[in-house]
Amino acid sequence: MANVPTSDALLVKNYIAGDENSLSILINRHQSKIYGFIYSKLSDRDIADDIFQDTFIKVIKTLKSNSYNEEGKFLPWVMRISHNLIIDYYRKNKKMPMFRETEDFSIFSIMSDNVPNIESQLITSQVESDLRKLIEELPEDQKEVLVMRMYQDLSFKEISELTGVSINTALGRMRYAIMNLRKVIDKHQIILTN
Amino acid sequence: MAKIYSKNALEISKKLPKKETIQFLLNYSKALNILKIGNKSFEILAN
């Protein structure tokens with residue numbers, strides 16, 4: 001019959017009870033995952049060894065002081081300790097993880113800023129200019145309402161007062177202005193997107 | 001190309017801490033004794 005490996009929870013319990021060999025089994029069982037995780041974040045064997053050591057010193061102290069209360073979740077708990085120590089390391093050294101460019105990964109794929117680039121600015125400027133030209137082609141009453149609403153940011157109440165028409169008429173002129181613009185755009189297949 | 005990637009992946013997964021680190025931890029564990037008295041705990045490290 002095959003030997004069933006002792007569970008982490010039982011090993012932890014035995015270790016707390018004084019069985020030092022249980023710690024050795026736990027370390028041997030999980031060293032690859034834990035060290036691999038630490039090394040993947042640091043890419044430095046010496047520092048990874050230090051963090052691995054500090055992680056288990058915390059583990060030993062917590063278990064020996066009977067402060068451990070996560071039975072059955074030993075590995076995630078240890079991983080969390082090592083994760084916190086890695087963060088502490090970067091904080092202490094004021095370093096951020098270094099990313100290297102590879103064929104599959106470019107740092108610029110995750111970096112961006114909100115400032116539009118020159119190409120985007122040129123396209124926006126062109127779109128605005130084209131739209132202005134189209135608006136100039138609208139009937140005067142529709143153009144007047146659209147300009148007041150969109151460019152001068154006036155409310156329909158203010159537009160109605162300034163143009164001497166009712167709010168409903170102003171709304172209707174705005175609606176026709178937009179419909180006419182759409183017609184012209186469709187007819188000439190103009191692209192007004194950035 | 002695939003061969004290169006798979007070789008690297010295997011090498012990474014094989015990374016283990018130094019034997020001295022493990023030995024230090026086991027010795028440290030054996031030497032450490034924590035005593036709790038009231039709200040305070042005392043760490044006793046035997047040489």
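Q: Is A:K143 buried, partly exposed or exposed?
A: In this predicted model, local features need pLDDT of at least 70 and side-chain atom pairs count only at pLDDT 80 or more, while totals for chains, interfaces and linings use all residues. The classes rest on relative accessible area with a 1.4 Å probe and protein chains only: under 20% is buried, over 50% is exposed, and in between is partly exposed. A:K143 has a relative accessible area of 14%, so the class is buried.

Q: Which residue forms a salt bridge with A:K143 at 3.2 Å, and which residues make up the network?
A: A salt bridge is a side-chain nitrogen of Lys or Arg within 4 Å of a carboxyl oxygen of Asp or Glu. The closest N and O atoms of A:K143 and its partner A:E136 are 3.2 Å apart. Salt bridges with shared partners join one network, made up of A:E136, A:E140 and A:K143.

Q: How far apart are the closest N and O atoms of A:R91 and A:D88?
A: Both residues lie in helix 4 (residues 74-93) of chain A, 3 residues apart, about one turn of the helix; helices are DSSP runs of H or I with at least four residues, strands are runs of E with at least two, and both are numbered from the N terminus. A:R91 is exposed at 60% relative accessible area, whereas A:D88 is partly exposed at 35%. Their side chains form a salt bridge, with the closest N and O atoms at 4.0 Å.

Q: How many residues of chain B are in contact with chain A, and what area is buried between the chains?
A: Contact means heavy atoms within 4.5 Å, and by that rule 23 residues of chain A meet 19 residues of chain B. Buried area is the accessible area (1.4 Å probe) that two parts lose on being put together, summed over both. Carbon and sulfur atoms give 63% of it, and the total is about 2100 Å².

Q: Which residues of chain A lose the most area to chain B?
A: Together they account for 22% of what the chain A side buries, and they are A:D49, A:K61 and A:K64.

Q: Which helix supplies the largest share of the side of chain A that touches chain B?
A: Helix 2 (20-42) and helix 3 (45-64) of chain A each supply at least two residues of that side. The largest share is 10 residues, and it comes from helix 3.

Q: Which residues does B:T21 touch?
A: B:T21 sits in helix 2 (residues 19-31) of chain B and is buried, with a relative accessible area of 6%. Not counting residues up to four places away in sequence, B:T21 touches A:D49, A:F52 and A:Q53.

Terms used
Residues numbered from 1 in each chain as written. Chains lettered and ligands numbered in written order. Heavy atoms only, no water.
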